[in-house]
Amino acid sequence: MLKKLFIYILVVQMVSVTACRCSIINELFKVAELIEHYQQHTDHNSSMTLLEFFDMHYFQETVHDADYADDMKLPFKAEHKLIQEFSSQLFFKHFNSIFQVS
């Protein structure tokens, strides 16, 4: 099941990256920013899990708060918000049926 999930997420991200013509390599270079930003959040809230962090930054609506500029430096964040929102909606719409989660 985890293999299916990984492949599904990878395909959705690759489609969105292909559709917006931004380089996946450039986005992968931003992983250091992602790690640093997660550490900043855990410094403020030590109980925050990695899943909560991803939910906050990738699946909830973008909030223009004090760390908005840092949020936009995360991989797959800054450019082509419409594609990102479509990918997120597509993922959650079909997740239950594909992976038979009850």
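Reply: Let us begin with Leu 74. Apart from neighbours within four places in sequence, Leu 74 is in contact with Glu 27, Lys 30, Glu 33, Leu 34, His 37, Phe 53, His 57 and Tyr 58. Please bear in mind that this is a predicted model.

Me: Which residues make up the largest nonpolar core?

Reply: In soluble globular proteins, nonpolar side chains tend to be buried together. Here the largest nonpolar core has five residues, namely Leu 34, Met 48, Phe 53, Tyr 58 and Leu 74.

Me: Which residues of helix H4 are buried, and where do they lie around the axis?

Reply: An α-helix has 3.6 residues a turn, so residues three or four places apart point the same way. In helix H4, which spans residues 50-59, the buried residues include Phe 53, His 57 and Tyr 58. These residues lie on the same side of H4, because they cover an arc of only 95° around the axis.

Me: Is Phe 54 buried, partly exposed or exposed, and which residues does Phe 54 contact beyond its neighbours in sequence?

Reply: Phe 54 also lies in helix H4. Its relative accessible area is 27%, and Phe 54 is therefore partly exposed. Neighbours within four places in sequence aside, Phe 54 is in contact with Leu 34 and Phe 59. Phe 54 and Leu 34 are 20 residues apart in sequence, and their C-alpha atoms are 9.8 Å apart in space.

Me: Is His 37 buried or exposed, and with which side chain does His 37 make a polar contact?

Reply: His 37 is found in helix H3, residues 31-44. Its relative accessibility is 3%, so His 37 counts as buried. The side chain of His 37 makes a polar contact with that of Asp 67, at 3.2 Å. Not counting residues up to four places away in sequence, His 37 touches Phe 53, His 57, Asp 67, Asp 70, Asp 71 and Leu 74.

Me: How many salt bridges does the structure hold, and which residues form them?

Reply: Side chains of opposite charge can pair when their charged atoms come close. The structure holds two salt bridges. One joins Glu 27 to Lys 30, with the closest N and O atoms 3.4 Å apart. Glu 27 has a relative accessible area of 6% and is therefore buried. In the other, the side chains of Lys 73 and Asp 70 meet at 3.9 Å, N to O. Lys 73 is partly exposed, with a relative accessible area of 42%, and Asp 70 counts as partly exposed at 30% relative accessibility.

How values were computed
Residues are numbered from 1 along each chain as its sequence is written. This is a predicted model: local features need pLDDT of at least 70, side-chain atom pairs count only at pLDDT 80 or more; totals for chains, interfaces and linings use all residues. Side-chain values use heavy atoms; hydrogens and water are left out. Helices (H or I, at least four residues) and strands (E, at least two) are DSSP runs, numbered from the N terminus. Buried means under 20% relative accessible area, exposed over 50%, partly exposed in between (1.4 Å probe, protein chains only). A polar contact is a pair of N or O atoms within 3.5 Å; within protein, one must be able to donate a hydrogen and the other to accept it, and residues adjacent in sequence count only if both atoms are side-chain atoms. Contact means heavy atoms within 4.5 Å. A salt bridge is a side-chain nitrogen of Lys or Arg within 4 Å of a carboxyl oxygen of Asp or Glu. The arc is that of the directions from the helix axis to the C-beta atoms. A nonpolar core is a set of buried Ala, Val, Leu, Ile, Met, Phe, Trp, Tyr and Cys residues joined through side-chain atoms within 4.5 Å.
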